[in-house]
Amino acid sequence: MRPVFLPGNLEELWRVLEREPAPRPYCGGTDLLVHLRSGKTDPAALVCLERIPELSGVREEEGGLWIGAATTHARLLDDPLVRARLPLLARALSTLGSPPVRNMGTIGGNVCTASPAGDTLPPLYALDGEVELRSRDSSRRMPLRRFITGPGETALRPDEILACVRVKPDGAYNVHHFEKIGIRRAMACSIASLAALLRVSPSGEVEAVRLAWGSVGPTVVASGEAEQALLGKRLSRDALEEAAARARKAVSPIDDARASAAYRREVSGNLLLRLMEYRPL
Amino acid sequence: MKSSVPEIGRSLRRADGPSKVTGREKYAADHYGEGLLWAGVRRAGIPHGRILSVDTAEAADLPGVVAVLTGGDVPGTNRQGIVHKDQPVLCREKVRHCGDAVALVLAGDRETLAKALSLVRVRMEPLPGVFGIDDALAPGAPLVHEEWSGGNVLLRATIRNGEAEQALEACPVVVEGTFEVPPQAHAFLETENGVAWQEEDGTVVLVVSTQAPFRDKWEVSHALGLPWDRIRVVGPVLGGGFGGKDGATVQCLLALAALHAGGRRVKMWWDREESFLAGYKRHGARLHYRLGAREDGTLHALRCRLFYDTGAYAHLGGEVMALGMEHAGGPYRIPHTLIEGWCVYTNHPVAGAMRGFGVAQVSFAAERMMDLLAEKLGMDPLELRKKNALRQGDRNCAGVTLTASTGILECLERIGTHPLWVDREKWKSQAGPFKKRGVGLAAVWNAMGYGRGLPDSALAKIELTPEGRLRLYSGVSDMGQGNATAFVQIAGHLLSQEDETIELIQPDTARTLPSGSSAAGRTTYTYGNALIPACEELRRRIVGRAALMLLVDTLDDLELLPGRVRHPASGREVPLSVLAATMTEHERVCISQFLMPVVREVPGTGKEFRIGFPHLFFAHAAHLARIEVDELTGTIEVKDWLAATEAGRVLNPQGFEQQVQGAVAQGIGYGTLEEVKLREGRILTPDFAAYILPGSLDVPEIISLVEEVEEPTGPYGMKGVGEVGANGPLPAIANALADGCGISMTRAPLTAEGVLEALRRKRTPGAGETS
Amino acid sequence: MIIGFTLNGKKTTVDTRPDRRVVDVLREDFGLTGVKEGCGTGECGACTVLVDGEPRLGCLMLAVQMEGRDLVTIEGLAPEGGLHPLQEAFLECGAVQCGFCTPGMVLAGSALLKRKVSPGRAEIREAISGHLCRCTGYQKIVDAVETAAARGGKKEKTE
C-alpha cells in the first residue's frame, strides 16, 4: 500500500512533508498516475495538493497576474482574467489534453512535469513567467527558464513545492499566436509548437516579438536570432523565411515514436510562416 | 421511439440501448464474484527464442498465489487455432513473438498477481528473428515453425484467369505501383477478458468477450483435452470486436486456470498494454500491382503479387489473404488476371481477422491504380470507374460470375450527382493560405459470409414463454453491430409483438444454438434467414392454439396482435399468456436452420484455398473524400465524407447508417493515424498515447447514401454491410492527396510527416535524403 | 482508511486503501460497473465520473480524493427507473452501438448541457474530444447531444 495524504491547507502540508520520508506531491495526477502505472516512478508515498486553497486561483498583483500552482487548466480557461490578459496562455490551454484531463491537470503539474512537450510552457516562457517555490520556512522565486533544467527536470528541492506562477500580462502585444502540431486534433502529445507574441504597428512593422518553441528541444527553445530577423520588419514571406531558417538552427529535436527530428526541425521554421496571417489588411 | 410493433425498413432503436445507456448492461468485463481469483500471463518479452527453463518456485511461494502453471501443466494438445492448430496455450519449446504466453498465474488479487508474474524466472536462448516479409522469404531464413512444411510460407496461392502477362504486353496503357500497409489494432474499448469457473460436475463455464462462443468450445476442448460437452461458453454483448475477438484470446488460458481454482471464479482482463502485446492485429502487407487498359479506359489485365505478414501464428492468415486476392482487382471487369499471394510467418504479433479482412489492404492498391490510370489516360476518375464497374452477370477478377445483387455502378452514379462531387473544383479553389484541397474517390466491395469450404449456417430458436412473451435465443454474438436488434425487428414484425416486450438471450452454448461466428458480415443474413421460418412456424402454432381455444376453424380469420390473438369477426380475444399456459415447451419453441448459398460454378483457379473462396454475395460502396492539406505541417484534415453503399435492402435505416459511419471512422484511422509500429519484433506503440485512434475532432460529418438493390436470397432482401465501409477511406484519402497536392503516396498511414516529405520532394526533385 | 463522500445522491463511506484507483473502488466495492475501463491512462474517457459536476477520469484519481466530494456515475444520472433526456436522445438518435463508451459520453454531454444551453456541433465535438469511440464515428453522439439541447434538456412529450 502506498499512503496518500490529502492536506486541507498549507500548514497541514508542511506537517506531512516533515513527517513522511519524501512523499511525492501531485495534484491532478494526469502525469503522475500514468508514470506510476508504467513503473517509471515508484514513490513511497504521495501527497495531493488539490484541497489547499492557498495554492489555487488567479488574481491581479502589482505588475502581473498570480496563478496558483494547483489551479486546473479548465479553471484557468474559464477565468476572465486569463482570457482577457493572457490570451496566449488561453490559446495553448485549449489545445492541452481534453476536457476531463483539463478538469484534473494543473498548471503547476504541467510545469513540474517539465516535459519538453508541455503545452503551457512555450507561452509561459514567452511571457517571462516566474515561479515561486515554497517550503515551510522559505520562499524563493526564479524565472521559469531557470526552474526547468532539462527534460523532466526542475530545480525543485525535496522539501519544496511549486506554489504559484507569475506572469506579466501580454497586453503590450497585439498578436497572441499559438499553434501546436499533434498527430490528431485533441488528446495529442505535441510534436512541435510555437508561441508567438508580437506587437505589429498599424503600418505593419514588428515593434516587439517573443518566440518560444515546444517539443523541439530538451526544454522550451527561445531564439533571439529568429526574433531579430523580424524586429523592425514587416511580416513578409521573406522576413519570415529568414526567421524560419534561424529557428531551424536553434532547435534541437529528437526522433521518437511520434515524429522524426527532421520533420520537427522543418516545421519549427514553417510554423513561423503562419504569422503572415497577422499582416494588417 | 416508444415501444411498437417493428416494421421492416423502418428504423428501430437498439434493443440493448436502454441497458447500455444507463450503465446496467453487463459486459464480460463487468463480471466479478465472491472469492474471485485473478489470472495473468507471463509473456515472452523477446520475439524469437528457445525456452531453456521456467522456474516458478518463487512465484508460487508468494502468499496469495494459488497456482503457477506452465506448458507442462496443459492437459490436452496445448494447441489452439481456428484453422491451423499451431499456437500453444503456454509455450514449452520456443516463443515466436513478444506476446507469446509462457506461464499462467492465479492469485487472490491483482497486486499479488503482478508481483508473482515478475517472480517467474524464464531463461531463454534468443533466436535470430524474422522481422518482415523479406526476412521471412530470404533463403536460409530462420524458421518460425520448424515443423511446417512450407518453411515460413503459411500459404502460397494463385488466382489466374486468362493470360495476364501476355495481355499486359498488349496494353497501350499500363500503370504500376508497390504499396505498403501496416498492422492495425482493433482497439475495441473493452479489451480481451473473461471469467471462468469449474462446476461440481466438472463442467467449465466461461463468460467471455467473444465473437465465436460455439467455436470457443471446440478450441478449448482441443487445447485442454476437455470433453466438448463439459464446456459452457456464455457470450454477453461485446464492447467491440471488429474481428479481434474471433478465435481464442483468453479462453484456453482461462479454462486452464479454472481447472486449478478449486471451484472459485477466475477473472482475466488484459489491460490495454497487454491487448497491444498479445492481441490479434490486421495483417500488414506489401502489394505489387501492374494494371493495363485499352486506350478508351477499358481494363484489360491485372498482375499482382501480394504479401501478407501473418505474424507468429496462422490464425486466419490464409483466409485473410484469400479474400484479399479475391478482391484484388477492385469491383471491376478485368478479363485477364494473375493474382499471386504469399502469406508468411514472422516473429511479429499475430495477425488475424479485422473488419475488411484482407480487402482493406488491396483496396488501397487497386483504387490508387485506378486513379493513376485515369491520370495517364486523361480520363475523369469517376467515369473510368463507372465504365468498368461490375454488373450482375459479369465475371469478377477472381473469375466468378456475379449471380447475386451487384450495385457498385449505382453507388458510383449516386456520387456523381451529389453537390460534394459536382462543386468540387469550386470548393478546391477556395482553399485558404498554405492550404491545398483535394478530392478523392474509392470504389470498394466486400464479400459476405464464409465462402466455400465451410458451411455458413445458423440455428434460430424462438420461444413463446409461459408468460406469453417472445424470447429470442441468439446464436451469434452482438459486438455492437446491432444484430440482436435486427432479430427483434424480424421477430416482432412477424409475430406482431412490440419490440420492448421481446426478451433477448445472448449466445450461451447451454441455451442458444450454434450459429457460426459474429464475422464476415453474415450474422443478420444467416441467422435472420433461419429466424424467419422459425417465427413463421411459431406464428402458426400460436394462432393454431388460439383457433382451438376460440373454436375457429381457419387460421386466416385470426389476428396476432401485441399480447393477444383476436378473432375480428366476433371480437373475442385470448391473451398470449393464457395461450402459452396451455402449451408444452415443445409447442412453444420453434427452431429452424439456414445455410447460406454458395457459388455453384467454382472457377478452376485458387485451388490452394481450402476454405474461404470464392464468395457469392458482396456489398458495394463508393466513397468520396474531401480533404484539406496544410502545406506548412503536412497535416491532413478530412473535411467532408460521402459514402454511397449498396447492401441489398435495408432493414433498419438507422442501423445501416451506424455501420457506415463507424466503418468510415475506422478507415480514417487506418488511412491517416494508426500504425502498430514494430522494430525487431517489438511494438513501439504499446498504448493509446502512442497508438492514435481518431477522436471526435478527427472524423468529419459523414453523409451516408443508400442504394438499394434487392438481394432475393436475403432476409427481406438484405445483405451484410458491416465491413465494406472500412475499405474506402485509405484509398479515397490517398486519391485526394494526389488530386490536391500532386503527390502519390504508397505507404499507409498517410501521416503529416509523410505528406510534408512528399511535398518537399515534389518541389525539389532529386534533392537529398532527409533523416 | 474511511473515506466519506456522496455517491449518486447518497451520503456514503468506504473503508479502503487510499491509493486504490477510483475506477476500481466504484466497480468492485460498489458494483457500479457502468464506470468502464478502456485504457487505464486517461486517454479513452470510459472511466468518466462526475466529481462535483465536472467530468473526471476514474483511472487517474485515487480513492482518498473522493473525500467530501459529490460523485455521480452513469447509474446515478437519471431519476430512479427513468431516463435523463440525454439518455433518451442517445437512444433515439442511434448513438449507442457496442455501448462501452456510452456512459462516459453521456456524462460528458450532460456536463456540457449544464454549462451551455445551445452548443453547436463543433462545441459538442470539443466536449467529447476526450472520449474515444471505436464504433460510431461520433456523428450520432453529436446528434444526440444536439437533440437533447434543442429540447432544453426536457423529455420529449410523446412517450
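Ala, Val, Leu, Ile, Met, Phe, Trp, Tyr, Cys and Pro are counted here as nonpolar, Asp, Glu, Lys and Arg as charged, and the others, Gly among them, as polar. By these classes, the lining of the largest cavity has 8 nonpolar, 5 polar and 2 charged residues. The model is predicted, so local features need pLDDT of at least 70 and side-chain atom pairs count only at pLDDT 80 or more, while totals for chains, interfaces and linings use all residues. Residues are numbered from 1 along each chain as its sequence is written, chains are lettered from A and ligands numbered from 1 in the order in which they are written, and side-chain values use heavy atoms, with hydrogens and water left out.

**Cavities**

- A cavity is a set of points, on a 1 Å grid over the protein atoms alone, where a 1.4 Å probe fits but cannot get out; lining residues have an atom within 4 Å of a point.
- Grid points are joined across faces, edges and corners, and a volume is the space filled by probe spheres set on the points.
- The count is 8 cavities of 30 Å³ or more.
- The largest cavity has a volume of about 140 Å³, and 15 residues line it, with R43(B), Q80(B), Q87(B), A101(B) and T249(B) the closest to its centre.

**Interface of chain B and chain C**

- Contact (heavy atoms within 4.5 Å) involves 58 residues from chain B and 49 residues from chain C.
- Buried area is the accessible area (1.4 Å probe) that two parts lose on being put together, summed over both.
- For chain B and chain C the buried area is about 4,200 Å², with 52% of it on carbon and sulfur atoms.
- V21(B), L189(B) and S696(B) account for 18% of the area that chain B buries against chain C, more than any other three residues.
- A salt bridge is a side-chain nitrogen of Lys or Arg within 4 Å of a carboxyl oxygen of Asp or Glu, and 10 of them cross the interface of chain B and chain C.
- In one salt bridge, K36(C) meets D30(B) with an N to O distance of 2.7 Å.
- A polar contact is a pair of N or O atoms within 3.5 Å; within protein, one must be able to donate a hydrogen and the other to accept it, and residues adjacent in sequence count only if both atoms are side-chain atoms.
- Across the interface of chain B and chain C, 28 residue pairs are in polar contact, both residues at pLDDT 80 or more.
- Helices (H or I, at least four residues) and strands (E, at least two) are DSSP runs, numbered from the N terminus.
- In chain B, α1 (17–21), α3 (110–119), β11 (184–185), α8 (272–278) and α19 (653–673) each supply at least two residues of the side that touches chain C.
- The most comes from α19(B), with 8 residues.
- The side of chain B that touches chain C has 26 nonpolar, 17 polar and 15 charged residues.

**Interface of chain A and chain C**

- Here 28 residues of chain A are in contact with 30 residues of chain C.
- The area buried between chain A and chain C is about 2,300 Å², and carbon and sulfur atoms give 56% of it.
- The interface of chain A and chain C has 4 salt bridges and 12 residue pairs in polar contact, both at pLDDT 80 or more.
- R102(A) and E126(C) form a salt bridge, with their closest N and O atoms 2.8 Å apart.
- On the side of chain A that touches chain C, two or more residues come from each of α2 (32–38), β3 (46–48) and α6 (99–104), and α6(A) gives the most, with 6 residues.
- That side of chain A divides into 15 nonpolar, 6 polar and 7 charged residues.

**Backbone geometry in chain B**

- Most residues other than glycine have a negative phi, and most peptide bonds are trans.
- The peptide bond from F613(B) to P614(B) is cis, with omega near -15°, and P614(B) is in the loop between β27 (589–595) and β28 (617–630).
- The bond from A748(B) to P749(B) is also cis, with omega near -5°; P749(B) is in the loop between α20 (729–741) and α21 (752–763).
- N78(B), not a glycine, has a positive phi of about 60° and lies in the loop between β3 (65–70) and β4 (79–80) of chain B.

How values were computed
1 Å grid on protein atoms, 1.4 Å probe; cavity = no way out; pocket = protein on both sides within 12 Å on 5 of 7 lines; lining within 4 Å.
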